[in-house]
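Me: I'd like to learn how to read a model like this one. Can we go through it together?

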Amino acid sequence: MFYLLAGFAIACAISLVIHRNPLYSAISLVGVFLSLSCIYFTLAAPFIAAVQVLIYAGAIMVLVVFVIMLLNLDDDKPQTRLRYLYAVGGALGLALLAQTFFIFYAVMRTPQEEVNTEQTVGNTISIGRAMYTEYLLPVEIVGVMLLMAIVGAVVLVRKLNQPQLELVVEEELERRHEEEEIDDYRIAL
Amino acid sequence: MFYLAVITAAFIGVLLIVAYTVLAERKVLGWIQGRLGPNRVGPWGLLQPFADLLKFILKEDLVPDKSTKFVYFLAPVVAITCALMPMVLYPFGPPITTIDWGFVPLGLGEGITQLPLTIAQIDVGVLFVLGITSVGVYGIALAGWSSNSKYSLMGGLRSSAQMISYELAMGASIIGVVMLAGTLDLNGIINAQAASPFKWFIIPQFIGFVVFLIAAFAETNRVPFDLPEAETELVAGFHTEYSALKFALFFMAEYVNMFTVSVMVTVLFLGGWYTPGLGRIFEVGSVPFAIASHVGFLGKICLFLFLYIWIRGTLPRFRFDQLMNFGWKFLLPVALANVILTIVIVYFLNT
């Protein structure tokens, strides 16, 4: 089961990198998230699995797909300028691979124990308890940071020197009114 | 194997109900508009769903020349899969505890003494249903994009925007119920209400109930929120370019989604399979009790399915800016206020 899901995840990840069309990449990423979520399920962490689907696949990637559809980008041409980035990317990839192997090695070395599924970290109750007692401060800091991000986005969208919408509408109405008056005047003449 | 049989039975049952919902919709719409509705196939038009299915299968399957083929084929599959997946969590009835299933031949029922009438019991049922329905957006969005037609694209865009917006209000309206029940498990939520009809969450959570119902209409793309397929503006919206069985899949997905949402309303606010008085007539945990409870459950669901049809025959469609304003500026604040109110009340009740 694990190898099936992991294989699907890896296949999706490869197609994510290979495809030039951003929409295909986005769909592949959704596939990665879904198979990850299935793996969480098999690891007795249903809460994390559900949240993974709900937030990553259901909210964030839908927004990404939405934007891609709106822009309707053409297939990108391969860029030749950033050659040196290939080297950097390759080196980083190798580092990640080494890290993965190290984690595998470390997991193999630790003694295997049976875990009670009622008490795993993926349980709703244990997550809630940990978040609102032990890690309360980090949770609140994250909350404030997200709020800052929202406020920042709103500020960026509303340019400061932009005239208020109501004023524009009023001006427009006044202009139309004047035109109508002029028209009435003409008809009267 | 035993469970496989149970699952198959549930699957066929749900699909039959969905097929007859389509017939009921056409009949009821006919009555509302002063017509008869389908009445040619079978007595009283009762075989109409099968005739429709046969027609969908036999029709020529057209694929637009400039569509993105892979995604075009993927989209209906995603839509129907995501629509059917919440089925594993439907609490069809109370667990049957009085029968030892050892008499089933071939040793299939060996050792099964307790038969929950749910396919899978997951700790986070509510979240799972929300997550799966939110993935269902891809079916519609991808269908709109891959058809390479402006009407389809508009339909897909509208639908994804609408579903993202109303999902928030829907989630927020559920939080109140989850807080009162103290669990995310669907059967747990029913058990929290299974004492008397006055304990149903529709009473303490009436605001949540209304918000959930409205958001559910938007999530299933039904009138008055059917902008993704507004036929006067967008031909047929996201499925304009789909024909034959692929269209049938979208069609079916919509009705299965309606069913899912009705199940959720029933479970969250109306006590699920709990029907008052049944525990006195039948022995709790016996087969007649389970069947009677199941009938009660289906009755509540049919009530909401009828509500869907009724509203379709009654209300006009929103304009898109009205839809967005309503979702973000009215529904979401109301749902959040309800959450805060519930938090305060639950806190004071507990101290």
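Me: How are α10(B) and α12(B) oriented to each other, and why?

Reply: Keep in mind that this is a predicted model. For two helices, look at the angle between their axes. Here α10 (residues 244-269) and α12 (residues 287-314) of chain B cross at roughly 120°. An angle between 115 and 145 degrees is neither roughly perpendicular nor roughly antiparallel, so α10(B) and α12(B) are oblique to each other. Their axes come within 9 Å, and the crossing is right-handed.

Me: Which residues in α10(B) and α12(B) meet?

Reply: Go through one helix, then the other. From α10(B) come M258(B), S262(B), V263(B), V265(B) and T266(B). They meet F297(B), K300(B), I301(B), F304(B), L305(B) and Y308(B) in α12(B). Sorted by class, that contact has eight nonpolar, two polar and one charged residues.

Me: Okay, on to the two chains. How many residues of chain B are in contact with chain A?

Reply: Count each side on its own. Chain B has 20 residues in contact with 19 residues of chain A. On the chain B side, the elements giving two or more residues are α4 (125-135), α5 (137-146) and α6 (150-181). By class, this side has 15 nonpolar, four polar and one charged residues.

Me: What is the mean pLDDT of chain A?

Reply: Start with the whole chain, then go element by element. The mean for chain A is 78, with 77% of its residues reaching 70 or more.

Note on methods: Residues numbered from 1 in each chain as written. Chains lettered and ligands numbered in written order. Predicted model: local features only at pLDDT ≥ 70, side-chain atom pairs only at ≥ 80, totals over all residues. Axes fitted to C-alpha atoms, helices over the stretch in contact; angles between N-to-C directions. Helix = DSSP H or I, 4+ residues; strand = E, 2+ residues; numbered from the N terminus. Parallel < 35°, antiparallel > 145°, perpendicular 65-115°, else oblique. Left-handed = near helix turned anticlockwise from the far one by under 90°. Contact = placed C-beta atoms within 7 Å. Nonpolar A, V, L, I, M, F, W, Y, C, P; charged D, E, K, R; others polar. pLDDT = per-residue confidence, 0-100.
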